[in-house]
Amino acid sequence: MGDLNTMAAARVLEQPRVTYLSPNALSSYLDDYDYLLRTVAPNKALVSTLAALFAKLGWGYLDVVYQLNSPYGVYYYKDFNNYAKRNGLCEGSILGLDSGFTTADIKLNGNKGSKAAVLFGSLDFIGNVLSSSSGFIDQYTWILGGDWTLTTDDFKRIVPKGKTATLITLRRQFYDVKSFLTYLADTLKYNEVHGTNTASIPTQWFDEFYQTVFNCTISTSTKPINIGKSECLKNQTYSTSSHDKFALNTIAAVFAAASGLEGVQTSYNTVGRRNSILQNTLSVSDNLVSPSASLGDLNLANPPAALKFEFDKENHWWNSGLEMKILSVSVAPDGTVTVKEIKTVNVSSSFSDSQIKDIQSAFNVSSICTDSSGCMCSSDSTSGKSGAQTGGFSASDHRNYYLYNDQDVLLYDWPVWAIVVAILTSLGLLITVILFLILVIAYPVRKGTTVLGYMVIVGILGIYVINFAFFVNANEATCGSRRFLMGVVYMIAFAPLLIKALDNWRFSQVDEKEASKDRYTGISSACSLFFASLGIVLVQCIIPIIWLILVHPTASYWGMADAKHDNWWCDPPEDYDVGIVLSMVFVMFIVLMTGIFSAITYDSERNNYESRWILFGSIATTGCFVVWMIVSTNAGPPYRDAAVSIGNLVNATLLMLVMPFRKSVLLCQSKRGKKEAEYDEDGG
């Protein structure tokens with residue numbers, strides 16, 4: 001299925017709690033999904049092996065260079081950074097570079113003892129890094145992070161002419177299953193007499209498979225494909241010496257699933273049965289090279305002495321083995337490539353002590369801090385465009401911090417700031433609801449712009465409510481809510497304020513003495529004003545709806561598995577906070593226009609100087625926007641959600657004071673005035 005298809009299926013299957021096996025999805029995106037098993041070691045398995053190798057070699061001080069805006073750079077680096085910390089490695093320089101970097105941007109720490117640099121990115125990116133480092137390329141060992149099988153042409157692309165580079169590459173081991181090739185050859189045959197396939201596969205399935213393999217069409221099939229291609233011959237023979245590299249993983253996945261399901265009689269999927277299936281499957285263990293293996297004689301091509309099929313109990317994946325190569329690659333000025341293989345090591349998931357000794361005997365290199373004053377371990381630094389996050393930090397930093405007691409027990413599921421802001425938000429929400437009910441029940445005016453006042457209150461309530469999406473960690477629901485509702489709730493509050501300001505401005509153009517006979521009443525009904533405001537709100541809805549359609553809201557975990565604090569980020573972490581600000585552009589325009597029209601009618605006495613209070617609300621909102629937008633896009637991760645939440649709280653509270661609270665005060669004053677007048681008339 002591959003990464004994208006598996007991720008799409010995972011989102012669908014998570015809700016009904018249907019688990020899946022993934023025989024060929026490599027991306028770390030899938031690490032956060034509730035998968036059952038993976039029969040190929042994902043990307044982070046490679047970088048965890050690299051980090052463990054460096055630790056065993058004693059390379060405690062090294063540099064890292066990764067490609068920005070590329071999953072081959074950012075996500076590989078994210079995983080490596082986590083495992084480097086686990087293994088006690090010190091990263092001297094962490095350089096996130098875009099495509100426009102120069103030699104001056106390659107700032108490594110060779111003068112402090114670092115002799116190893118790990119590169120994460122595309123082949124072209126790696127070539128650009130090595131070309132920019134040609135002045136000291138022979139002083140470093142360059143580790144190509146990722147799964148690489150390089151050819152002579154590839155070496156010519158990445159190593160500068162006239163230079164020699166020492167490279168370390170790592171790749172997954174895949175094996176051709178000869179018995180599977182024999183099975184395919186026997187299966188892809190037609191019975192000339194009966195016109196059916198010899199394997200008794202359903203005809204429609206077989207026809208589609210046959211047409212795909214031989215790149216032809218069967219016009220008489222119920223589902224012909226490759227229309228326009230030549231007609232398939234019924235006597236074609238399938239012969240090939242290789243197959244998809246994940247064939248063995250797929251065979252192993254089916255075998256593991258069958259073993260796990262054995263003994264489970266019911267078809268529905270409960271948590272208890274899921275755990276039983278999982279434990280049964282994880283207990284599967286076999287030597288696939290042995291002719292007596294449970295899978296039968298697979299007849300693998302060029303197999304190792306022993307290939308053990310066994311799942312990692314912690315991560316639920318099978319690592320079919322890795323091949324590490326240490327190479328000395330020279331490219332002559334005329335482009336001739338000379339590759340000297342220093343050492344090749346096949347490893348299952350971790351290097352044994354004997355393998356480490358063999359590597360050290362063949363390749364005696366040390367990468368440790370030699371500065372007598374000590375070496376600083378770097379946090380992420382970027383050049384050019386922003387990296388995993390802006391502001392000189394990486395997305396592996398904590399998004400929020402939780403509170404623990406002295407026994408290291410988590411006290412609250414929310415950050416402390418969220419608990420405080422949530423209490424104040426709930427209080428503001430309750431007061432606003434009470435004011436809303438008072439005005440609905442007791443306010444005597446039911447025409448004109450009164451309906452807009454109620455709409456403003458609904459918007460204020462929405463601003464309070466959206467705060468709760470920032471109190472919990474990022475997930476698909478909260479990220480989607482933040483995207484869609486932030487701009488919409490503010491627009492529900494300010495669209496009617498703009499219409500109110502326009503209405504006040506329109507009436508200010510008419511002399512008060514003649515207002516009763518000259519004013520235009522075409523759009524003065526409560527219904528007209530309400531739908532004008534609603535139209536502005538619907539325009540704002542277009543922006544986040546398009547965003548949600550084009551980019552499905554997801555969240556990624558950017559911390560280590562045992563992280564004690566919140567490391568969940570809304571995707572994409574490098575520009576999500578900026579995206580929230582950009583989705584508010586139309587809201588900012590409406591706030592500006594509201595402020596302008598209310599300022600024009602500042603001296604108007606209409607509705608008890610309502611324009612003045614609308615102007616105050618616009619200015620207050622502008623101030624809140626400036627503060628939380630700057631902080632949420634430039635400050636460190638722990639301050640971002642807090643800034644937005646506090647900004648929403650302050651903004652909603654100020655709007656509540658200048659609109660519904662002020663209206664309630666005027667209502668009370670009006671009621672008191674009437675009672676005093678009645679008291680005077682009665683001679684009190």
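The axis of a helix is a line fitted to its C-alpha atoms over the stretch in contact, and the angle between two axes is taken between their N-to-C directions, from 0 to 180 degrees. Keep that in mind for this tour of a predicted model.

**Stop 1: H2 and H10**

Select residues 43–57, which form helix H2, and residues 353–362, which form helix H10. The two helices pack with their axes 10 Å apart, at an angle of about 70°. An angle from 65 to 115 degrees counts as roughly perpendicular, so H2 is roughly perpendicular to H10. Their crossing is right-handed.

Now show the side chains at this contact. On the H2 side, pick Leu53, Lys56 and Leu57; these meet Asp353, Ile356, Ile359 and Gln360 of H10. Sorted by class, the contact of H2 with H10 has four nonpolar residues, one polar residue and two charged residues.

**Stop 2: a pair of rings**

Searching the whole structure for aromatic pairs gives 20. For one of them, select Tyr66 and Tyr77. The ring centres of Tyr66 and Tyr77 are 4.3 Å apart and the planes are at 5°, so this pair is stacked. Tyr66 belongs to strand S3 (residues 61–67), while Tyr77 belongs to helix H3 (residues 71–86), so the pair ties together parts that are eleven residues apart in sequence.

**Stop 3: the annotated segments**

The unreviewed UniProt entry carries the annotation "transmembrane region" for residues 414–439, 451–472, 484–502, 523–550, 578–601, 613–631 and 643–661. Select two of these in turn. Residues 451–472 are 91% helix and 0% strand, and the C-alpha atoms at the ends lie 34 Å apart. Residues 484–502 are 100% helix and 0% strand, with 27 Å between the end C-alpha atoms.

**Stop 4: H12 and H16**

Select helix H12 (residues 450–466) together with helix H16 (residues 526–550). Their axes are 8 Å apart and the packing angle is about 35°. H12 contributes Val451, Leu452 and Met455 to the contact, and H16 contributes Ala526, Leu529, Phe530, Ser533, Leu534 and Val537. Eight residues of this contact are nonpolar, one is polar and none is charged.

**Stop 5: H16 and H18**

Which residues of H16 and H18 make the contact? From H16, they are Ile536, Val539, Gln540 and Ile543; from H18, they are Phe586, Val587 and Ile590. The contact of H16 with H18 has six nonpolar residues, one polar residue and no charged residues.

Methods: Residues numbered from 1 in each chain as written. Predicted model: local features only at pLDDT ≥ 70, side-chain atom pairs only at ≥ 80, totals over all residues. Heavy atoms only, no water. UniProt positions renumbered as here; feature names shortened; annotations may be inferred. Helix = DSSP H or I, 4+ residues; strand = E, 2+ residues; numbered from the N terminus. Parallel < 35°, antiparallel > 145°, perpendicular 65-115°, else oblique. Left-handed = near helix turned anticlockwise from the far one by under 90°. Contact = heavy atoms within 4.5 Å. Nonpolar A, V, L, I, M, F, W, Y, C, P; charged D, E, K, R; others polar. Phe/Tyr/Trp six-rings, centres within 6.5 Å; stacked < 30°, edge-to-face > 60°.
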